[in-house]
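Here are my notes on the model, as numbered points. Please read them alongside the coordinates.

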Amino acid sequence: MPARTFRPAAACAAALACLSGPAFADDEAIIVTARAAPDIENAKSSSASVEAAAIARTINAVNVEDTVKYLPSLIVRKRHIGDTQAPIATRTSGLGASARSLIYADGALLSALIGNNNTSASPRWATISTEEIERIDVLYGPFSAAYPGNSIGAVVNITTRLPDRLEASVNGAVNVQSFDQYGTHRMLPTAQAGANIGDRFGPLALFAAIDHVTSNSQPLGYATALQPAGNSNAGQPVTGAVPGLNRTGQPIRILGATGQEHQRQDRLRFKAALGLADNIRLTYSAALFANDTDARPTTYLRSAAGMPVYAGAMNIEGRSYTIPASAFASGLYETRQRHWSHTLSLAGASPEFEWRVIGTLFDYSHDVQRVAGTALPGAFEGGTGTITRLDGTGWRTFDAKALWQAGAGHRLGFGAHGDWFTLNSNRYRTADWIGGPRAALDLRAHGKSRTTALWAQDEWALTDTLTLTAGGRYEWWRAYDGENFSLAPALAIKQPRRSAAHFSPKASIAWTPDAAWSARLSFGQAWRFPTLGELYQIVTTPVPAVPDPDLRPERARSEELAVEHRNGRGTLRLSLFNEAVKDALISQSGPLPGVTPTQIGNFVQNVPRTRARGVELAAEQRDLLPRLDLSGSVTYADAETRANPVFPASIGKQLPSVPRWKATMVGTWRPAESLSLTAAMRYASRNYGALDNSDIVGNTYQGFYEYLVVDLRAQLKVDEHLTLGLGVDNIGRDRYFLFHPFPQRAVQFDARWKL
C-alpha cells in the first residue's frame, strides 16, 4: 500500500501544543493528565485517568479494555468484542510483553503473570463490566516501591463503585461490524445485555451485577501457502485462492479464513462492604466469568465441481501445492472456561495513619479447549484431535500496606507482599475432538512460583516548593515444581528449581513553584522475574516453542522528567523518558536451541541490553471553545536492541511492536446539557514483530502495520432515567494487521435505564 502522507502524530502535537488546563475529578473529565490524589501507595508517577461519565459519553465500550484505548501511550490489542486475549502495550514495551504491565481491579490482580505473551497470559479483563467502573488510573513507569517489577511499563488501577442508596439499572447494546478482506465478506453482529442493583443498609453496602455478551468475530487468521517456484500440472485443479505476500515479502496464496469465533460470555459480580468501628471497613467481592467459544474456518478453494476443498494435493494457477490437514483444522476449536475471582480486604484510616490488608484468589476452575486434528470437511463431524486443560492454573496474592503522616513534612509508606502462581497445562489426544474422552497425555507444562517482598518509601517536604521521595523494594523470588512432558518428540523432564533476590531503589524529586506549575525528576529500578510460561511452557503446534528454565530476571532502569502546567480548565504535561533493560526477556524466532534435527520455532532469550527513550505530550482542555472539550496525546519512542551477540542482526533494530509514533485525540461537543457528540482518533506508526525487523511487509497476515482509526459517538440523556448512545468505530474502515486482522467499520447502538 502507498505510504500515507498525512502524519497524525505531527497534527496532534500541533493541536496539543495549544492546550493547557486542569484535570479536576468532576464527572466531565475526559482524560486526566495530572497525578491523581495521593493514595496509600503514594505513587510518584506520571498518570492518566478516565472516569465513568467520560467513558459513557466518549467511548463505544462493550468490554472493560475499551475504556483505556484513548489514554496516552497505550495500545490495547483487542481483536474483537469478547476477545480474551487483549494485552496492552506501553511507552517502551510491546504487545508480546504482558508481564511488563500490571492491571488491578479494586486491588485484585487481573494480569495473568503466568506468562509473558498476548495469548494465555493476557489480562483477565472480563471479570468486571464497564457498568461497574467508577474510574481508571494509569501510572507510567516503575517509580513506586509499592508495585513489583512488572510495573516496568504501566500500572492500571480500576476502581469500581459501591452504592450510597438504592440503585438499579439495565443496559443493552447492539454492535454490527462489516468485514471485507480477501475472500471474506461478512456482517458480524454482537449483542450485550446487563443489569445491576445495589443498596446501603446502614454500615452495609451491597452490589450485584450480571452481564451477557454474544459476539461474532472477523477471521483471527488465514490459511496460507508459499507459492512454489516452478510450474506444474500435478494436483487437483482448484480456484479461489487470493494472491499476496507474507511478512518477509515471499509470494503466497491465501487459501481461506480461520479462527472465526462465535462467543457466549456471562459475567456475575457480587460486592459487599461492611463498615466497622473506628473507620474500619471489611470488603468482599467475587466474580464468575463463563466463556463458551466455537471457532470455524472457511475455505476459499473450490473444485471444478464447485465444492469446497480444504487439504491435499492441489493445483493453483499452474503450480502444485500440498496443503496439510492442519492448515484449516487448527482453526476449528471449542473453548469452555469458568474462571472465579475472590477478593477480601480490611482497611482503616485516621488523620495520621491509613492501612489496608488485601488477599485475592484467581482460579481457572474449568478451562478446556478442544481442537480438531483431522482434515476438513470430515472434522466438522468429529474425528481425532486434542484436548487442552488449564484447570488448576491461577494465582493468589496478599498485600499489607500503610501510609503514615509522620510529621515534619514526612509521609511514610510501607508494606509487605506475597504472590503464588501455578501453571497447570495438560494436552491430551482424543479419538473425537467434539465430545470424546481424553486419551494419552500428549503435552504437559507444570510449575509454580512464589514472590515475597518488603517495601518502603518516604515523601519528605524539603521546602515549601521542593519534595523528595525515596524508597525501595526488596523481593525474594522462587520457581519450583517445573515439569515438562511431550509424547512426540519424546520428552519427560523435571526442571530445576530457581531462586533470586534483588533490591529495587526508587527516587523522585518534585519542584512546585506555584499552583500552576510542577516539575518532577524520577528514577526507578525494577527486576522482572521470569514467568512460569517462559520457564516451563512447551508448545509443539502450530508454531513450536521451547521453555528455558535457566532464564535470568530482567533488570530495568528507568528515568523520567515530567513538567506539568495546570489552570482552571485543564492540564498540559510533557514527559521525557528513558529505559535501559539488561537481560531483557524477549521472544525470538529461529533454530530451536537443543533440538535435533534443526527446527525453526519460538524461544525466549535474555537479550543483553535494550534501550527505549522518547517524549510524551499529553493534554486535556475543558471548554476550549464554548461547550467543546479536547484531549489527546502524542508519544515518540526510540526503542531498539543495543546488544545481542546470539542474534547480532537485531542490534540497532526497533523493538517488537513498539511503534515510533503513537497518538490519540478525543473531542467532545456538548450543544445541550443532554447531548454530547464525540470524535476520537487513535494512531500508531509502522512497527515490527521480528526482533531483527525482517518482517518487511506489514499489511499482511502475521505482519505489523500502521493504523489510523477514527471513532464517533453520540450520547443523549432522554430524561433522568434513560440514556441512549449511537456510535461508529473505525468509520474510515482502516484495514490493518497487528499479526491478526483487526476490526473494520462497526456501528453500535446502546441504551441504559437507571432507577
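1. Cavities of 30 Å³ or more number nine in this structure. The model is a predicted one.

2. The largest cavity holds about 560 Å³ of space. Its lining takes in 38 residues. Nearest the centre are Asp66, Lys69, Lys78, Arg682 and Pro743.

3. Which strands build this lining? At least two residues each come from β2 (75-76), β8 (167-181), β9 (184-201), β10 (204-216), β33 (661-672), β34 (675-684), β35 (707-717) and β39 (746-754). β33 gives the most to the lining of the largest cavity, at three residues.

4. By residue class, the lining of the largest cavity splits into 17 nonpolar, 13 polar and eight charged.

5. The second largest cavity has about 140 Å³ of space. It is lined by 17 residues, and Asp83, Thr84, Trp125, Ala126 and Phe289 are the closest to its centre. The lining of the second largest cavity comprises seven nonpolar, six polar and four charged residues.

6. A separate point concerns Ala431. Ala431 sits in the loop between β22 (410-430) and β23 (441-461). Is Ala431 buried or exposed? Its relative accessible area is 64%, and exposed means over 50%, so Ala431 counts as exposed.

7. What does Ala431 touch beyond its neighbours within four places in sequence? The contacts are Gly383 and Thr384. Thr384 is 47 residues away along the chain, yet the C-alpha atoms of Ala431 and Thr384 are separated by 4.4 Å.

Methods:
Residues are numbered from 1 along each chain as its sequence is written. This is a predicted model: local features need pLDDT of at least 70, side-chain atom pairs count only at pLDDT 80 or more; totals for chains, interfaces and linings use all residues. Side-chain values use heavy atoms; hydrogens and water are left out. Helices (H or I, at least four residues) and strands (E, at least two) are DSSP runs, numbered from the N terminus. Buried means under 20% relative accessible area, exposed over 50%, partly exposed in between (1.4 Å probe, protein chains only). Contact means heavy atoms within 4.5 Å. On a 1 Å grid over the protein atoms alone, a cavity is a set of points where a 1.4 Å probe fits but cannot get out, and a pocket is an open set with protein on both sides within 12 Å along at least five of seven lines; lining residues have an atom within 4 Å of a point. Grid points are joined across faces, edges and corners, and a volume is the space filled by probe spheres set on the points. Ala, Val, Leu, Ile, Met, Phe, Trp, Tyr, Cys and Pro count as nonpolar, Asp, Glu, Lys and Arg as charged, and the others, Gly among them, as polar.
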